[in-house]
Amino acid sequence: MIVAEDAYETAEPTIDSHVVKMKSLNADVFVDISSPKFAAQAIRKAAEIGWKPLHFLNNVSSSIGAVIKPAGFENAQGIISVAYLMDPLDPQWADDPGMKAFDDFLAKYFPEGNRADGSVINGYNAAQILVQVLKQCKDDLTRENVMRQAANLKDFRTTNLLPGITMNTSPTDFAPIKQIQFRRFKGERWELFGPILSNEIGG
């Protein structure tokens, strides 16, 4: 049963009062769909007031460097989120060719890049999608053809997608990511669990 829904304004300096309100309603599950700044605040405030709901955090705000570390690792234990990209801080990918390529790219072109910031690896993989679209365009780089090819990705994989995840688009479906895997925060990193989940038709 949903006991409350609450929204915040991006102009608010803090969402502490919203978190306090949720605790006062005795909510035992917290579905946190907020931007990184406010997600960090919510994690920290929940810990400060002793509120320990089952905390689901949207993928956009699950970056360790941008959200979890500022909120405090000790405050984020047990939070559940989802992923579709490999986490550069997860040791299981240390020898993966795609992760090695990512690290080589950072060393050469972006040495100041923070591997713990999820937007860095996200941007690296987004660039690969653009390259694929341009390859499919061949010599026809008109806007019309670029849009056509962007809506025609078939089982495409960037180098850092989780195993089993592919990208597909169509003229009636522009969303390339339709598969995810759950992950839980433990210690100082995310741990994947469960199968790949999909909302693709027939998936």
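This is a predicted model: local features need pLDDT of at least 70, side-chain atom pairs count only at pLDDT 80 or more; totals for chains, interfaces and linings use all residues.

1. Helix α3 spans residues 64-71, and its residues I64, V67, I68 and A71 are buried. These four lie on the same side of α3, because they cover an arc of only 115° around the axis.

2. Just after α3, G72 adopts a positive phi of about 105°.

3. The salt bridges come next. Side chains of opposite charge can pair when their charged atoms come close. With side-chain nitrogens of Lys or Arg required to be within 4 Å of a carboxyl oxygen of Asp or Glu, the count is seven salt bridges.

4. One of the salt bridges joins K21 to D6, and the closest N and O atoms are 3.9 Å apart. This pair links distant parts of the chain: K21 belongs to helix α1 (residues 16-24), D6 to the segment before α1, and 15 residues separate them. K21 is classed as partly exposed because its relative accessible area is 38%; D6, at 32% relative accessibility, is likewise partly exposed.

5. A second pair is R148 with E144, whose closest N and O atoms are 3.5 Å apart. Both residues are in helix α6 (residues 143-150); they are four residues apart and therefore separated by about one helical turn. R148 is partly exposed at 42% relative accessibility, whereas E144 is exposed, with a relative accessible area of 58%.

6. R189 forms a salt bridge with E191, with 4.0 Å between the closest N and O atoms. Salt bridges that share partners bring D90, R189 and E191 together in one network. R189 counts as partly exposed at 25% relative accessibility, and E191 as partly exposed at 29%.

7. Which residues make the nonpolar surface patch? V29, V31, I33 and L54 form the patch, which has an area of about 370 Å². Of these, I33 is located in the loop between β1 (29-32) and α2 (36-48). I33 counts as exposed because its relative accessibility is 65%, the cut-off being over 50%.

Technical notes
Residues are numbered from 1 along each chain as its sequence is written. Side-chain values use heavy atoms; hydrogens and water are left out. Patches are made of residues with over 30% relative accessible area and no salt bridge: like charges are joined within 9 Å, nonpolar side chains (Val, Leu, Ile, Met, Phe, Trp, Tyr) within 5 Å. Accessible areas come from the Shrake-Rupley method with a 1.4 Å probe; for residues, only the protein chains shown count as cover. Helices (H or I, at least four residues) and strands (E, at least two) are DSSP runs, numbered from the N terminus. Buried means under 20% relative accessible area, exposed over 50%, partly exposed in between (1.4 Å probe, protein chains only). The arc is that of the directions from the helix axis to the C-beta atoms.
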